[in-house]
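Here are a few notes to read with the model open beside you. Start with the side-chain contacts, then move on to the pocket.

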Amino acid sequence: MRTKHLLLSLLSLLSISAIAQTAIYDYRPGVTPEGAVYFLPKTTISVSVLVEKTTYTPGDFCNYAMRYLRLKDVEQDPYTTYRVISVSQVPTAMADTTRAYSVKFSAKTAAANLALSDDGRLLAINAQPRQRAAAKPFVPAPKKKLADPRNYMSEEILSAGSAAKMAELTAREIYDLRENRTLLIKGQADFMPNDGAQMKMMLERLETQDRTLTQLFSGVTERDTTEVSFTVIPDGSMQKQVLFRLSRKLGIVDADDLSGEPYYIDVEDLKTVPPVDEEAAAKNKKKKQPESGIYVNVPGRMRSTIYRDENTLSTAEFPAGQFGNVELLSGELFDKHFTTRLWLNELTGAVEKLEAEQPK
């Protein structure tokens, strides 16, 4: 992850003060006249939905499928359908603008190196942030090119005067191919292969010819899989919120489009972190001098469930900064008499590692 490194001189014991943030205007974190601004993260959920698109194209001889090949219920009209084949979810993060703090300049203390993410989340102090493995993108399977059935038609078939005659002759060709394949497998063909590799090649060729010509009667069904992603930003528990809708004929549609069947998400605060003492917090706000140190998250945990009707498709638990508390790391850890390195978890804002040693 690309980071922005800011060399700062800190107040005595690294004085930190909270700054007011609102959603009224856009704010770009960075160096301010008072120092540098950083955010703690809010844990979000990235949902990936794999959708399969099925496209059916009727064959040229679909009207004769039952008559010549005894194929029942062959569709006469083209259609396209969609279905969800899997749902997965992973935690991601964004800057929490309600948890923004500033570090002020001072020439009386040692310099500190702050590493911020692109959106201003604090990642590390006096250290390089840890590089996390990027999620592997979804790669659809390569689409096979369909063979042209006319490449396997005899001159007699191609010169037939009507579609009915062409269908009859094509059906005879299909039966001949199947008979030849049976004779080849039994070892009774007029021209037997010399070895196993040649045998395999001949069988594959007969199978390709059979399948391609049969599709003129049965039609062609093609399937493509695509990935659609959604980001959920839980600010609290939520129940039966529409994540997306799926129309069998149109695919993924807007959450308010009633043509699609709804897929829901529930997010539950598991309350793994004790609540803040409101009385103590109010007393701290009345202090005239800002507290000294670095603010970090003590994350709680959340459970996310994605479902359709009564069918659960995905359930996962994640640590979540917004379901926990904000705590202060003492500024004494960053006194100029110590060499302190701090790493924060980029998804939760929790302390991942802290190293503090006195210089020799």
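Which side chain meets Asp 309 in a salt bridge? Keep that one in mind for point 2.

1. Ground rules first. This is a predicted model, so to speak plainly: local features need pLDDT of at least 70, side-chain atom pairs count only at pLDDT 80 or more, and totals for chains, interfaces and linings use all residues. Residues are numbered from 1 along each chain as its sequence is written, and side-chain values use heavy atoms, with hydrogens and water left out.

2. The partner of Asp 309 is Arg 308, at 3.6 Å from N to O. A salt bridge here means a side-chain nitrogen of Lys or Arg within 4 Å of a carboxyl oxygen of Asp or Glu. Asp 309 is partly exposed at 47% relative accessible area, and Arg 308 is partly exposed too, at 22%. (Buried is under 20% relative accessible area, exposed is over 50%, and partly exposed is in between, using a 1.4 Å probe and protein chains only.)

3. The structure has 23 salt bridges. Arg 83 and Glu 52 make one of them, with their closest N and O atoms 2.8 Å apart. Since Arg 83 sits in strand β5 and Glu 52 in strand β4, the pair ties together parts that are 31 residues apart in sequence. Strands (E, at least two residues) and helices (H or I, at least four) are DSSP runs, numbered from the N terminus. Glu 52 is buried at 11%, while Arg 83 is partly exposed at 44%.

4. Have a look at Glu 346 and Arg 132 as well: they form a salt bridge with the closest N and O atoms 3.1 Å apart. This pair links distant parts of the chain, 214 residues apart, with Glu 346 in the loop between β14 and β15 and Arg 132 in the loop between β7 and α2. Glu 346 is buried at 14%; Arg 132 is partly exposed at 40%.

5. On to the rings. A search of the whole structure gives eight aromatic pairs. To pair, rings of Phe, Tyr and Trp (its six-membered ring) need centres within 6.5 Å; planes under 30 degrees apart are stacked, over 60 edge-to-face, and the rest tilted. Phe 244 and Tyr 263 are stacked, because their ring centres are 4.6 Å apart and their planes are at 15°. Phe 244 belongs to β9 and Tyr 263 to β11, so this contact ties together parts 19 residues apart in sequence. Phe 244 is buried at 0%, and Tyr 263 is buried at 5%. Tyr 38, Tyr 101 and Tyr 295 form one aromatic cluster.

6. Trp 343 deserves a look. Arg 130 lies over its face, 5.0 Å from the ring centre, and Lys 353 lies over the face of Trp 343 at 5.5 Å. The test is NZ of Lys or CZ of Arg within 6 Å of the ring centre and within 35 degrees of the ring normal.

7. Finally, the second largest pocket holds about 550 Å³ of space. Of its 26 lining residues, the closest to the centre are Pro 91, Thr 92, Ala 133, Ala 134 and Ala 135. A pocket is an open set of points on a 1 Å grid over the protein atoms alone, where a 1.4 Å probe fits, with protein on both sides within 12 Å along at least five of seven lines; lining residues have an atom within 4 Å of a point. The volume is the space filled by probe spheres set on the points, which are joined across faces, edges and corners. β5 gives the most to this lining, with five residues.
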